[in-house]
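Please open the model in your viewer and keep the selection tool at hand. We will go from one stop to the next, and at each stop you will be told what to select and what is there.

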Amino acid sequence: MKQYLTIDEWSIIEESFDSQTHEISESVFSIGNGYMGGRANFEEQYSGRSLQGSYMAGVYYPDKTRVGWWKNGYPEYFAKVLNSTNWIGINIEIDGVQLDLATSTVSEFRRQLNMKEGTLSRCFTATLEDGKIVRVESIRFVSLVRREIGAIRYSVIPVNFSGNITITPYLDGDIKNKDANYDEKFWNEVEKKGEADGGFLTLKTKKLDFHVTSAMAFDILVNGEKLNTEVEVIELEKYVANKINLSVQEGDQIVIYKYASNVTSRNHGLGQLVEAAKTTLQQAKEAGFSTLLKEQNEAWRDKWKESDIIIEGDASAQQAIRFNIFQLNQTYNGEDDRLNIGPKGFTGEKYGGSTYWDTEAYCVPFYLSTADSSIARNLLIYRYKHLEKAKENARKLGFTKGALYPMVTMNGEECHNEWEITFEEIHRNGAIAHAIFNYVNYTGDKAYLGQYGLEVLVEISRFWEERVHYVPHKDKYVMLGVTGPNEYENNVNNNWYTNRMASWTMEYTLEALAYLQENESTRYAELLEKLELQETETSKWNDIIAKMYYPADEEQGIFLQQDGFLDKEIIQVKDLNPENLPLNQKWSWDRILRSCFIKQADVLQGLYFLGDRYDLETKKRNFDFYEPITVHESSLSPCIHAILACELGYKEKAYEMYLRTSRLDLDNYNNDTEDGCHSTSMAGTWMSIVHGFGGLRVHDGRLTLKPSNPGHWKSYSFKIMFRGTRLKVSVTDLNVTVSNETEVPVYITIYDKEFTVNGLSSVTAPGTSVTA
Ligand code: BGC
């Protein structure tokens, strides 16, 4: 864990340059707009350690699988969102010497991600090896309003010399993914043209034929005067640049405005790409930098109106929640139903930008409460559209029926290629079923079941049915050889969480069937026929539900993560020398697998998902046993623990876990932020406030709140959308106020007391200091 960023409620700020933390900052200060985004690389050349990264949503490459020992059932490829044309580049040469912070002495450096306004800015003074000093200020953004446009204002002042400055704005498509399996480049050049005031470059992927055209234009001003000087056009393989030589005087201010448009064949016909890039670019340039910036600031102001969480009395917690909300809004906006949410968003390459169970388990709840319900619905339909592929996947592994959704996917096909995860981490099927429940429960949209949901539920239940087997001597169904959410254990028997989610899926599927039979009999009959669902199947599911085996330790009153868990030596994390952490970077895999240490919520994930089926005492006993042996080395872990700790009244633990989830990247808790930010777990951070401190749940169509305060916050507030209403929940120790910002009345429960909140009015209930 390294804290080097300044605490500020609206910005992330780095006050000095350190090449050791540069790659972490490149991740943290990333910018995006749901359509494209990139890491906070420098515009000018930087020869130190850096991951240059610019990504277009949905533009991916099937990179041939690389494994040491091939196993039947492995996928042929891993889909990777591609690192694409670097459009931010502006090289600066001073009397023939490159401006490069890796070889200069840097002072007065400041990098700022302004989350209120949606901009990334930077300034510094650099002393070059020959003693020449320049002062640089830059600001850039990718537009929320014009999704294909990025803009930069870059200014240079020669501080102690007069001489020549060469400025070279460029587009560089000669890019490689850092995570390429065979060190291959994935792009071919199609077309390019350099012109006196910019140029364009079209690339296409070597497979799948995604085309991306990037076009740039620029203006240069010296001391406020627009310059019309000679421009040298440079065209190289996958590269277009404009070189401008300026003779400058000490103290002159040289400002470059660079505009770029990036358009893809996902949204434009192949023949129209260049035209589309040029047109959007021209419009942006004509509008001018200040107009684009103003649009950007206003668009972010509107976003914050809908989604801000305000914490009074704790600037560090406030900064952190805004950072998480900001990054989520930069990553995915739900406008394009072909897209999903990669665990690193646009901030890095790890995990390939593909879809994981993270979407259903963590992101769906966030979108359910903060956006129109069509967005969560789209996320579910994305999986519905992959149902046939999930069925094929199950067949490929030898199942005669049912569907196994992939662990990692871009288009429905499995991409993951480690046997203990690809074949064994099958609990992902449970999260996909649970997201359907969550959506229907939250929105009340039961029609979804007949339209899409039931088919997915039935195929997942069929998979579970075949994956378990009956053991006569136990008179129980067991499930062998799985990996639970805790990836620090593989090939275990009877992972409690997986067994529980399997039987829960069957229960919910039967419930959905009963609902349709009673309320939508025609559709019910159609679906029975389409699915060829047999009575023998549903009665088998009932049998499995009744006789599923759940490992438990009666003495301690806890569920066992898997058979034999208590044979391990139980040591608490607090008793480990901190030098051992993070375990995944310090210990051998063998040592991790044999230890009791848990990567992320496993039994506790089940107690969170199925929270209304377990009493507080059960949750407490399990939390008290499992949390102290959990190392939280998955970003998805602390948020679940924060929520349960809130429910159990463990304020300090809840706060510790909140900081850990919300500041995970800002403080680099797991020593891996340089790979990219943990974008999907950011939705978990949001959950830790709204489901955790706010205690939000929906039971039988009714919204319930049980707010608590971690102890020292003066107040906090959040907004949620629920069944056509938008509510603002404000919490102090003295009271809880729910204001209805819409005209639709809503019925809610606050601390077990029922209220009606009429349109455009509010209700106030006594807070914890009064009721306690
Ligand atoms: C976690 C998985 C998660 C993946 C992507 C892994 O470290 O263990 O649960 O799906 O990261 O976020």
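In this predicted model, begin by selecting Asp336, which counts as buried because its relative accessible area is 16%, and the cut-off for buried is under 20%. Asp336 sits in the loop between α4 (315-331) and α5 (358-370).

Next, select the ligand together with the residues around it, which are Pro343, Tyr351, Tyr356, Trp357, Asp358, Glu487, Lys599, Gln600, Ser634 and Leu636. Sorted by class, this shell holds five nonpolar, two polar and three charged residues. Show the side chains and look for polar atoms facing oxygen atoms of the ligand: a polar side-chain atom of Asp358 is 2.5 Å from a ligand oxygen, an N or O atom in the side chain of Gln600 also lies 2.5 Å from a ligand oxygen, and for the side chain of Trp357 the distance is 2.9 Å. The ligand taken alone exposes 310 Å², of which the protein buries 94%.

For the last stop, turn to the largest nonpolar core, which has 243 residues, and select Ile92, Leu99, Tyr154, Tyr658, Ile689 and Ile720, the members that touch the most others. Helix α11 (residues 496-519) contributes the most to this core, with eleven residues. Finally, centre the view on Ile92: apart from neighbours within four places in sequence, its contacts include Glu44, Val97, Leu99, Tyr154, Ile167 and Ile256.

How values were computed. Residues numbered from 1 in each chain as written. Predicted model: local features only at pLDDT ≥ 70, side-chain atom pairs only at ≥ 80, totals over all residues. Heavy atoms only, no water. Core = buried A, V, L, I, M, F, W, Y, C linked by side-chain atoms within 4.5 Å. Buried < 20%, exposed > 50% of the residue type's maximum accessible area, 1.4 Å probe, protein only. Helix = DSSP H or I, 4+ residues; strand = E, 2+ residues; numbered from the N terminus. Contact = heavy atoms within 4.5 Å. Near = heavy atom within 4 Å. Polar contact = N/O pair within 3.5 Å; in protein donor to acceptor, adjacent residues only side chain to side chain. Areas by Shrake-Rupley, 256 points an atom, 1.4 Å probe, with all protein chains shown as cover. Nonpolar A, V, L, I, M, F, W, Y, C, P; charged D, E, K, R; others polar.
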